[in-house]
Amino acid sequence: MHGIYLHVLADTLGSVAVVVSTLLIHFYKWSGFDPLASCLIAILIFASAVPLVQSTAKKLLLTIPEDVEFDLREALAGVSALKGVIGYAAPKFWLDEGNERKVIGVIHVTAGKGADLEDVKERAVGFLKSRRMDVLVQVERDGVNRCWCKAKTG
């Protein structure tokens with residue numbers, strides 16, 4: 001939505017600049033007003049586009065605010081402490097800033113050799129849901145290297 005607003009604003013400023021520079025050229029007989037107006041509009045558009053590019057880059061790079069990162073670290077420590085969990089790998093999280101600000105993501109959990117995989121998954125999902133996180137949990141038994149991440153336990 002912010003990008004649409006900036007686009008409409010740029011169009012409006014461009015039109016206003018053309019009208020104002022035309023009037024100034026007409027009254028003062030100096031054609032330098034047109035390039036000055038164009039440069040001013042270009043600078044304003046660039047200055048307003050920088051925050052949009054930064055915001056988009058943060059979303060694409062899956063960055064999260066520091067307070068949420070702290071909560072994530074605590075949640076991951078809690079997942080590691082669950083019964084039957086040896087560790088985790090490939091955690092990917094991002095912030096869904098819809099009606100209620102919620103963390104969503106995916107994580108690979110490694111379960112012990114004697115642990116019930118479904119029980120470990122239910123515990124991990126339940127624990128993360130209690131932290132207001134909607135996370136897809138993939139569980140695999142320790143020693144089985146079928147996972148796409150091929151990561152070591154964390």
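A residue counts as buried under 20% relative accessible area, as exposed over 50%, and as partly exposed in between (1.4 Å probe, protein chains only). The views below show a predicted model, where local features need pLDDT of at least 70, side-chain atom pairs count only at pLDDT 80 or more, and totals for chains, interfaces and linings use all residues. Residues are numbered from 1 along each chain as its sequence is written, and side-chain values use heavy atoms, leaving out hydrogens and water.

**View A. Tyr-28, Trp-30 and Phe-33 are linked into a cluster by ring pairs.** Rings of Phe, Tyr and Trp (its six-membered ring) pair if their centres lie within 6.5 Å; planes under 30 degrees apart count as stacked, over 60 as edge-to-face and the rest as tilted. That rule gives two aromatic pairs. One of them is tilted: Tyr-28 and Phe-33, at 6.0 Å centre to centre with 55° between the planes. Trp-30 and Phe-33 have ring centres 5.0 Å apart and planes at 85°, so this pair is edge-to-face. Tyr-28 is exposed because its relative accessible area is 61%, while Trp-30, at 45%, is partly exposed.

**View B. Ala-90 sits in strand β1, residues 85-97.** Strands (E, at least two residues) and helices (H or I, at least four) are DSSP runs, numbered from the N terminus. Although Ala-90 is not a glycine, its phi is positive, about 50°. Most residues other than glycine have a negative phi. With 17% relative accessibility, Ala-90 counts as buried.

**View C. Arg-132 lies in the loop between α4 (117-130) and β3 (133-141).** Here too is a non-glycine residue with a positive phi: for Arg-132 the angle is about 60°. Its relative accessibility is 48%, so Arg-132 counts as partly exposed.
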